[in-house]
Amino acid sequence: MNEYKGIWAFSEDHSLLLEILGKGREIADKLETEVTAIVLGHNVKEKAEEAATYGADKVYLIDNPLLESFQSERYLSALTSLTFRYKPETFLIGSTKDGKALAARLATRLNTGCITDCIQLELTDEKKLVAKKIVYGGKGIATILWQVKPQIATIPLRTFTKLEFREKKGQIIQLDVELEEPKTRRLTVRPLEVSRIRVEEAEIIVSCGRGFEKKEDLALAEELAKVLNAQVGCSRPLAEDRKWFTEWIGLSGHKVKPKLYIALGISGVIQHVAGIRDSKVIVAINKDENAPIFEIADYAIVGDIHEIVPALIKAFQKCLQK
Amino acid sequence: MLRVIVCLKQAIDVTQLKMDSKTLRLMTEEAPRKISDFDKNALEEAIRIKECLGCEVVTVTVTAEEAKTTVKEALAMGADRAYVIKDPKIAGIDTLTTAKILAEAIKRLGAFDLILCGEASIDSFSGQVAARLAEILGIPLLTSANKVIVKDSDIIVERNLSSRYETVKAKMPALVSVTWGINQPRIPSLMAIMKASKKEIVEWNIEDLGFTSEKLESSDMTIEILDVSVPKIERKKRKLEGENAAETAEKLVKALIQEGVIGGGDF
Ligand SMILES: Cc1cc2nc3c(=O)[nH]c(=O)nc-3n(C[C@H](O)[C@H](O)[C@H](O)COP(=O)(O)OP(=O)(O)OC[C@H]3O[C@@H](n4cnc5c(N)ncnc54)[C@H](O)[C@@H]3O)c2cc1C
Ligand SMILES: Nc1ncnc2c1ncn2[C@@H]1O[C@H](COP(=O)(O)O)[C@@H](O)[C@H]1O
């Protein structure tokens, strides 16, 4: 009955692909099956080589000028053809915004199930794959399994870690498929200017909330971040309402797992907390002693950011520059 | 005239979702329902297109429960008509089936130019239904819209892709999913609420759309939710206090060094 075999990994974001391969390898070893990376693009031999040393037994490479940059219908048609042809049992796809839509469309073409934004993937005693996913705005964690194959899942950045570089190298197989005509046309691309840095990769994050009333006050957070060699992040209202940032942390924004998360003037509503849950240590500074953020903090300081943050800057300076 | 369809999910108001302290389960049945947040943004966008270019705005909701109150809010905001596909058999269906039902309903509504969805629903947060629906209907999909412009038979969308913005163009009919930042949904006036009571709510059940109950049975589902647990949060919750800010700050620095999250081994 089981004509579906092996674990596949794809992401148009190469570093995310390597992370997914790490997890794919772990599951494949337990199932004694193969891991295949899918690499699409133009002049991407190097990326295929790299995938082959970070856990893939096999790399299906489609190198085509039409795949130079992400285009949903072209990428979708390439993945659909490969999936129909080689029938993977499990297909893990990077959970970028484009990746998520791609996964859902692929699953529709294959008439199968897709679980987005998995925070965990495990095997049951019967060796069935189960996924965990945050639901109800962070109040619940659902455990879900697939009823049909292939099993499609999307994996957010920094959920899993890439393997150490391995000597053992997978086989690269170059393929050709027919690509669909695009239904959409990209006119312009504009990088986000304000926060250039990927907070997902930050070890320390100083995060600002609505407790910052004036834009000038952000200088406080930036100075603290500088002393700690940290990145500055924010809650959604600072980005969406005040437009001081272009990105935010939380359920609908970036999910982060730094060693240290310092929440300044953030109330700690569930949608924000859902994005910081995996931080190693959480520090919260808030003038309201009943702020929900204190329920999920390791260290709580009740006070005004205008008083506490300058004191913190001094204290960190004193100890870190010794 | 242009025709804009808004897919409106009646979702659990997650901010009011409580845990039963005895069973440690979430009380999803008891929690209030509302229009899923992003869908309200989608509706607002549709109404703005109506105000700007003139169009008909209809909403479609697939639900297992009573949704009159929710849908009335949409009509008060400015939708012209609401379709509710209501059937107890819909409880627990997956995103593929939801999209199939939406597609079937939309086909029955006749020609349309634009479908607007939310980027994700607040309760299940799957972010799949819009993509699946576009795929079933075979129309262009433009996700994470931050700005929508209708120009002749084209739709131009600015997409917010967390590391960049993209402007993308497609021919209508098309499906656009919107993010939270696209607009500020209006709060309907009392007048609008009164006027809305005269607007039409069309209710269909599953059989009306040609689905059989067997087809909706769990054997046909692509995924199965085994369990929903409440995440345990194990944090130290230590309150730091000092004579003054400087002393409090010192305490925090010491604690963080002990945790090993700041500094090297130099101090
Ligand atoms: C579907 C959905 C998705 C969402 N996704 C996200 C998300 O991904 N990320 C996100 O962040 N939000 C998200 N939100 C919004 C979220 O619900 C909250 O509105 C938001 O997180 C609140 O931001 P805040 O804590 O900065 O502001 P507030 O809730 O207003 O809190 C400000 C805090 O600052 C404190 N304060 C004020 N002045 C001072 C001072 N001088 N010193 C110290 N403390 C002070 C106050 O006591 C208060 O606790 C989402 C909402 C919805 C509906
Ligand atoms: N039951 C439903 N009825 C109407 N629209 C829905 C329904 N479920 C999802 N949608 C639409 O699809 C979007 C994405 O939902 P989801 O895939 O659940 O995150 C929502 O924002 C709605 O626009």
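1. Is Val269(A) buried, partly exposed or exposed? In this predicted model, Val269(A) is partly exposed, its relative accessible area being 39%. The residue belongs to the loop of chain A that runs between β14 (260-264) and α7 (270-276). From Val269(A) to Ala291(A) the C-alpha distance is 8.9 Å, while the two stand 22 residues apart in sequence.

2. The next point concerns chain B as a whole. Its secondary structure consists of six helices and 13 strands. Chain B has 267 residues, and 54% of them count as buried. When contacts in chain B between residues at least 6 apart in sequence are considered, 70% of them join residues at least 24 apart.

3. Leaving aside residues up to four places away in sequence, Ala76(B) touches Pro188(B), Ala192(B), Ile193(B) and Ala196(B).

4. In chain A, two helix pairs deserve attention. The axes of α1(A) and α2(A) come within 10 Å of each other and cross at roughly 20°. The two helices are therefore roughly parallel, since the angle is under 35 degrees. Their crossing is right-handed. On the α1(A) side the contact is made by His14(A), Leu17(A), Leu18(A) and Leu21(A), and on the α2(A) side by Lys47(A), Glu50(A) and Ala51(A). By class, four of these residues are nonpolar, one is polar and two are charged.

5. The second pair joins helix α5 (residues 218-228) of chain A to helix α8 (residues 305-320) of chain A, which pack at an angle of about 20° with axes 9 Å apart. That angle makes α5(A) roughly parallel to α8(A). Here α5(A) passes α8(A) in a left-handed crossing, whereas the crossing of α1(A) and α2(A) is right-handed. From α5(A), the residues Leu220(A), Glu223(A), Leu224(A), Val227(A) and Leu228(A) take part. They meet a set in α8(A) that includes Ile305(A), His306(A), Val309(A), Ile313(A), Phe316(A) and Leu320(A). The contact of α5(A) with α8(A) divides into 11 nonpolar residues, two polar and one charged.

6. Salt bridges form the next topic. Over all chains, a search of the whole structure finds 45 of them. One lies within chain A, where the side chains of Asp57(A) and Arg25(A) meet at 2.9 Å, N to O. Asp57(A) is in the loop between α2 (45-53) and β3 (58-63) of chain A, and Arg25(A) is in helix α1 (residues 14-31), so the bridge ties together parts that are 32 residues apart in sequence. Both ends are buried: Asp57(A) has 15% relative accessibility, and Arg25(A) has a relative accessible area of 9%.

7. Which residue of chain B forms a salt bridge with Arg190(A)? The partner is Glu158(B), and the closest N and O atoms are 2.9 Å apart. Because Arg190(A) lies in strand β11 (residues 184-191) of chain A and Glu158(B) in strand β8 (residues 154-160) of chain B, this pair joins two chains. Arg190(A) counts as partly exposed at 36% relative accessibility, whereas Glu158(B) counts as buried at 12%.

8. A further salt bridge links Lys89(B) with Glu207(B), with 3.4 Å between the closest N and O atoms. Lys89(B) is in the loop between β5 (81-86) and α3 (95-108) of chain B, and Glu207(B) is in the loop between β11 (200-204) and β12 (223-229), so the pair ties together parts 118 residues apart in sequence. Lys89(B) is partly exposed at 32% relative accessible area, and Glu207(B) is partly exposed at 41%. Elsewhere, salt bridges that share partners join Glu73(A), Arg105(A), Arg109(A), Glu180(A) and Glu135(B) into one network.

Notes
Residues are numbered from 1 along each chain as its sequence is written. Chains are lettered from A and ligands numbered from 1 in the order in which they are written. This is a predicted model: local features need pLDDT of at least 70, side-chain atom pairs count only at pLDDT 80 or more; totals for chains, interfaces and linings use all residues. Side-chain values use heavy atoms; hydrogens and water are left out. Axes are lines fitted to C-alpha atoms, for helices over the stretch in contact, and angles run from 0 to 180 degrees between N-to-C directions. Helices (H or I, at least four residues) and strands (E, at least two) are DSSP runs, numbered from the N terminus. Angles under 35 degrees count as roughly parallel, over 145 as roughly antiparallel, 65 to 115 as roughly perpendicular and the rest as oblique. A crossing is left-handed if the near helix is turned anticlockwise from the far one by less than a right angle, and right-handed if clockwise. Contact means heavy atoms within 4.5 Å. Ala, Val, Leu, Ile, Met, Phe, Trp, Tyr, Cys and Pro count as nonpolar, Asp, Glu, Lys and Arg as charged, and the others, Gly among them, as polar. A salt bridge is a side-chain nitrogen of Lys or Arg within 4 Å of a carboxyl oxygen of Asp or Glu. Buried means under 20% relative accessible area, exposed over 50%, partly exposed in between (1.4 Å probe, protein chains only).
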